[in-house]
Amino acid sequence: MILQKPICKCNLDSATVTSRDPDSADIFDEESVFNEVGSFPVKHRAENNGKKGSCYRCFKGNRFTEKAVCIVCDAKYCQKCVLRAMGSMPEGRKWITCICFRIDEMRRSDLGKCSRILKWLLPESEIKQIMSSEVSCPANQIPPNLVYVNGEALDDKELLQLRGCPNPPKKLRPGYYWYDKEAGFWGKEGQKPCQIISAQLNVGVYIKKEASNGNTDILINNRETTKEEVWMLKSAGIPCEGKPHFWVSEGGSYQEEGHKNAKGRIWDKTKTKLVCAILSLPIPPDNAKSGEEATTDSRGQNDLHRKLLLVGFDKSSTSTIFKQAKILYCVPFSEDERQNIKLMIQSNLYCYLGILLEGRERFEEEALKGKGKSPLIDQPSSSGCKRFTRGSSREKGKGVTIDGCRSSVMNTHLLIEELWKDEAIQATYNRRNELEKLPRVATYFLERAVKISKEEYEPSDMDILYAEGITSSNGLASMEFSFPTPAKSDGYIIGSIDQRYGKIRYQLIRVHPRSLGENGKWLEMFEDVNIVLFCVSLTDYDDHNHNIGTYVNPAPSLAQRAFHYMAVKFKWLFDLLTECKLHVSLVMGLEQDSVDESLKYAREIMNWNEEDITIINEESSASVETSTS
């Protein structure tokens, strides 16, 4: 469902539209209502005396008829009347009587964007001249007294300085902004920073503490920061305990209040830049580019960039889907990532062996008490088993970590080889389904325990997929990718849609539930994502056969029926809470085709939403009226 904010209708006795041609001498005096702002007056929205959706001049047509819109009074003219109503358009798409009037600020985003009706009527050279005049005309510029910085309206000189600096604000509109003169942070009043512009501009007064509506008790240049900025500081290794006050200069150098020397630069680490990209926080611009080029590049990146947030509860395979996507779309794992994954696999392997040892002791105790099955083996355990038991006990007291695993890999290979050959351990492994603590993926690694424990072991892509988690922290991870263009085969012709898909870049962000905080309080930091992929596990619907000792699915349709049942329940609940539509897809993280199909489905959903917004914008610019006129 698409909701469109209705446009208020002005009922002014002195602002009516008559059926006379716009060249009548008395139209200007009878129809104009002025509100002086600077040197250019404001004209109220025009009203149509004809039927709803018709042309404002000939009163013909309906709401679906293509029309051109006056960027001042919002009057709409059909193909036959537009040139007569707007003339040569010296200031752009304005009704003749609206020349020298300020434009409607709701139409500012349409400046320089030609409508389809003008493309039908005029040659390309004339359209370029009209659009250029529309953008550069003094009457169409932002009035300085409608731009407030740090609570103070600007004058002509300040606005000129702000727009002419090397890194000017992007998409400047009338409104209230805050500006940090020391570091160059720029943002809308009450919101987090959206850009870093040129510092030390003589614009506005000093920044207020509550400018960005922060509530963290951590100050940057006397402004209380937001939660997103605290995440940025922590990713840069800056201690945020207590209530510190930092002074940040242009370029990112920072120091604590009361200290003389700078402690470092905020954006030196790649991790910090990644966190800023995920949380939509700005980073210092490239000084080598001019302000206009940087704005153009950034706009292009935003237009061809989509964000997908991947989140789910434990055991919902979000890490597997993320890693599968990296392999599927040829996003290589770095050497550090592969090394961390290798050590994580080896660390997990030791945990699995420790669970087998605990299970062996439990089974033997049950056998001796006569409550369990027959003893695992008549002869005592091997020396390797006893040594690993003592080592496992020591590690359990210390806590097994990847860093601790680095020094123990060389010394444990022979021990694990001896342990794995132990008949008691093999007998325990055959009864592994009776061990509740042993994960299902443990079987994949335990059968290759000797190979994995070697120092020269390098994990394969399948090993990476089966590994539990992504990194040792198992927290925030991000990757950029694009969908490959379909190959031209079997008569398939690559169309413009496929080419457009190939140009769009996507960012897949995987967040562990623990990183979102209690009740998802940090989820608001990802408010700019285009789609949320929430994963729910269906493995609980598997059936366990105690006789065989393996997980089986006696009814092939059981998982499918479970999926449809849960999908209906989630859709009903989502509609009840949000009155919005929920899209559901079945995905198996270990299967490339399944992950590819689900991500492409997410791409289609984002394109549906984008097309809906585009249709609304085109209707607005082409004057296809909605419920109001």
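In this predicted model, I266 touches M232, L233, A236, I238, V248, G252, Y254 and T272, when residues up to four places away in sequence are left out of the count. I266 also belongs, together with L233 and F526, to the residues that have the most contacts inside the largest nonpolar core, a set of 30 residues.

**Nonpolar cores**

- As general background, nonpolar side chains in soluble globular proteins tend to be buried together.

**The pair α6 and α7**

- Helix α6, which covers residues 227–235, and helix α7, which covers residues 270–278, have axes that come within 8 Å and cross at roughly 165°.
- Angles over 145 degrees count as roughly antiparallel, and α6 and α7 are therefore roughly antiparallel to each other.
- The crossing in which α6 passes α7 is right-handed.
- On the α6 side the contact is made by W231, M232 and S235, which meet K271, T272, V275 and C276 on the α7 side; by class, the residues of this contact divide into four nonpolar, two polar and one charged.
- Two residues of this helix contact, M232 in α6 and T272 in α7, are also among the residues that I266 touches.

- Helix α9, spanning residues 318–328, is mostly covered, with ten of its eleven residues buried.
- Just after α9, C330 takes a positive phi of about 60°.

**The chain as a whole**

- The protein chain contains 19 helices and 18 strands, and 43% of its 629 residues count as buried.
- Where contacts in the protein chain join residues at least 6 apart in sequence, 64% of them are between residues at least 24 apart.

Conventions
Residues are numbered from 1 along each chain as its sequence is written. This is a predicted model: local features need pLDDT of at least 70, side-chain atom pairs count only at pLDDT 80 or more; totals for chains, interfaces and linings use all residues. Side-chain values use heavy atoms; hydrogens and water are left out. Axes are lines fitted to C-alpha atoms, for helices over the stretch in contact, and angles run from 0 to 180 degrees between N-to-C directions. Helices (H or I, at least four residues) and strands (E, at least two) are DSSP runs, numbered from the N terminus. Angles under 35 degrees count as roughly parallel, over 145 as roughly antiparallel, 65 to 115 as roughly perpendicular and the rest as oblique. A crossing is left-handed if the near helix is turned anticlockwise from the far one by less than a right angle, and right-handed if clockwise. Contact means heavy atoms within 4.5 Å. Ala, Val, Leu, Ile, Met, Phe, Trp, Tyr, Cys and Pro count as nonpolar, Asp, Glu, Lys and Arg as charged, and the others, Gly among them, as polar. A nonpolar core is a set of buried Ala, Val, Leu, Ile, Met, Phe, Trp, Tyr and Cys residues joined through side-chain atoms within 4.5 Å. Buried means under 20% relative accessible area, exposed over 50%, partly exposed in between (1.4 Å probe, protein chains only).
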